[in-house]
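The following note covers the model under review, point by point. Please read it alongside the sequence and coordinates.

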Amino acid sequence: MKAYMDNAATTRLSETARRAMEPYYDEIYGNPSSLHGWGQAASAALQDARERVAVCLGADPKEIYFTSGGSEADNQAIQSAAWLGAAKGKKHIITGAVEHHAVLHTVEALAKDGFDVTVLPVEAETGLVRLADLEAALRSDTALVTVMTANNEIGTVQPIAEIGALLRARKIVFHTDAVQAVGHIPVDVRALNVDMLSLSGHKFHGPKGTGALYCRKGVPLRALLLGGAQERNRRAGTENIPAVIGMAAALEEATAELAEAGQRVAGYRDQLIAGLEQIERSHLNGARQNRLPGNVNFCFEGLEGESLLLLLDSKGIAASSGSACTSGSLEPSHVLLAIGRPHEIAHGSLRLSLSRYTTQAEIDHALREIPRVVQYLREMSPVWENIMKASNLK
Amino acid sequence: MGYSEKVMDHFINPRNVGEIENADGIGEVGNARCGDIMKVYLKVDDGVLTDVKFKTFGCASAIATSSMATELIKGKPVAQVLELTNRAVVEALDGLPPVKLHCSVLAEEAVKAAVKDYYDRSGIAYDPALFAGLGEEDPHGAIEEE
């Protein structure tokens with residue numbers, strides 16, 4: 001029995017997306033910048049993909065810029081808004097403590113270049129940004145606020161529309177990293193009041209190496225990559241046509257199935273949460289309401305996440321962890337620390353991320369194996385032994 | 001992560017897991033904040049390590065190095081046990097990823113801490129230099145400096 005539960009890392013390509021891409025490798029392979037028929041056919045396909053992506057987001061096609069992925073879109077949005085702000089004397093950036101590294105590291109780099117950065121704390125357990133904190137942090141020289149739509153680790157969905165309304169009224173540029181949200185929950189750029197939004201194709205069953213940046217009409221955007229005039233001078237380089245077509249097809253499909261799939265996946269999520277909460281000394285990370293339909297994240301006291309992850313892999317279950325050992329650094333996940341988990345508990349985290357392909361059989365398999373593996377690791381853990389001794393003394 | 005087959009074998013099927021009742025020496029090193037703790041139990045008869053068990057909280061390489069370290073010392077005279085090095089543990093496991101080398105240092109320290117505890121409990125005199133720095137240095141820090 002196999003259960004792929006690491007869809008927040010990446011998803012399988014949908015059949016629809018794969019079929020949509022096929023003609024663009026060896027039939028319609030022209031360069032969209034070329035004037036001949038081959039090129040114009042590719043150019044038409046690119047324009048069509050742009051329109052379809054725009055429709056899914058409630059945007060205008062002219063507001064969509066294709067990129068190599070979510071990280072590039074985040075980098076471009078943030079660097080552009082920061083430097084255009086600096087040109088007007090605004091050198092203050094606000095972000096949140098649980099952002100993805102594509103955002104945090106970009107903002108940290110800007111801090112080294114002389115920008116002032118405020119990192120908003122988040123509510124314990126849920127990881128929600130508080131509007132009052134944001135409002136208190138705003139300054140007359142704030143160039144940009146960037147807050148993610150949904151968290152990649154703990155699935156918390158932020159109050160983006162409210163944040164957007166607050167910032168729109170003050171004419172402050174607002175970017176959101178919606179990489180985990182698009183294709184999974186309704187994302188409408190007008191309803192969210194955002195100026196810029198990043199998305200990634202492979203998070204909703206599109207191909208890897210694709211992404212897009214929405215940039216609202218009237219909000220200036222600087223290029224990150226210089227060269228040709230592609231993407232209306234905002235992103236040089238010959239477009240990855242097959243991948244862009246695949247992403248558009250995948251997004252259309254995900255959007256069409258969103259309501260039905262979202263409900264079914266949330267049901268699976270709730271089964272997992274209810275089952276794993278039965279394990280003693282387990283803690284749900286992230287919000288119970290405002291949560292992505294496919295995200296489950298727990299800390300289990302007395303064990304370490306990498307061991308848990310690799311033992312589950314040996315049982316056919318693909319998951320992920322925010323332990324130090326899985327991150328390649330010595331610190332556990334900044335997200336788990338930001339929501340108030342102590343280091344020793346943050347090391348014992350497990351993320352299960354579902355997709356619309358997840359089956360009841362996979363859920364059953366996970367609910368059978370995870371408690372056993374947790375028990376096994378705890379039995380060999382001196383930390384667990386101490387926890388049990390301390391609780392017996394009480 | 002790139003673990004060797006031997007590391008995966010000792011992780012999935014660790015040898016010598018458990019506790020020894022009335023152990024002659026117990027050593028515990030590491031810290032939960034950093035994500036790994038190892039506890040080693042020794043049984044000594046006539047100066048020979050007749051049994052050894054461990055309990056470990058940590059990643060796959062922490063469990064595998066504990067398992068291999070206990071395998072390497074089992075049945076040896078206690079004095080010889082002190083010759084165990086983290087390098088020997090790493091070699092016996094066909095290598096560890098660089099970021100995981102501190103686990104092998106921890107395994108060596110856990111074994112030595114258990115021997116020291118055995119000496120202390122049985123009133124056996126020893127040169128303190130043998131255990132110099134034990135439990136003081138942060139194995140993470142030590143590796144990073146390399």
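Is A:F115 buried or exposed? With a relative accessible area of 4%, A:F115 is buried (buried means under 20% relative accessible area, exposed over 50%, partly exposed in between, with a 1.4 Å probe and protein chains only).

1. Basis. This is a predicted model, in which local features need pLDDT of at least 70 and side-chain atom pairs count only at pLDDT 80 or more, while totals for chains, interfaces and linings use all residues. Residues are numbered from 1 along each chain as its sequence is written, chains are lettered from A and ligands numbered from 1 in the order in which they are written, and side-chain values use heavy atoms, without hydrogens and water.

2. Aromatic pairs. Over all chains, the structure holds six aromatic pairs (rings of Phe, Tyr and Trp, the last by its six-membered ring, with centres within 6.5 Å; planes under 30 degrees apart are stacked, over 60 edge-to-face, the rest tilted). The ring centres of A:W83 and A:F115 are 4.9 Å apart and the planes stand at 80 degrees, so this pair is edge-to-face. A:W83 belongs to helix α4 (residues 70-86) of chain A and A:F115 to the loop between α5 (101-112) and β4 (116-120) of chain A, so the pair ties together parts 32 residues apart in sequence (helices, H or I of at least four residues, and strands, E of at least two, are DSSP runs numbered from the N terminus). A:W83 is partly exposed, at 29% relative accessibility.

3. Chain B cluster. Ring pairs link B:Y118, B:Y119, B:Y126 and B:F131 into a cluster. Within it, B:F131 is buried at 6% relative accessible area, whereas B:Y126 is partly exposed at 24%.

4. Charges over rings. The charged end of A:R12 sits over the ring of A:Y357, 4.0 Å from its centre, and that of A:R378 sits over the ring of A:W384, 3.9 Å from its centre (NZ of Lys or CZ of Arg within 6 Å of the ring centre and within 35 degrees of the ring normal).

5. Sheet. In chain A, three strands form an open antiparallel sheet in the order β9-β10-β12 (strands pair if DSSP finds at least two bridges between them). The edges are β9 (282-284) and β12 (349-353) of chain A, each with a single partner strand, so one side of each lacks a neighbour in the sheet. Five bridges join β10 (residues 295-300) of chain A to β12(A), and A:N295 has A:S353 as its bridge partner in β12(A).
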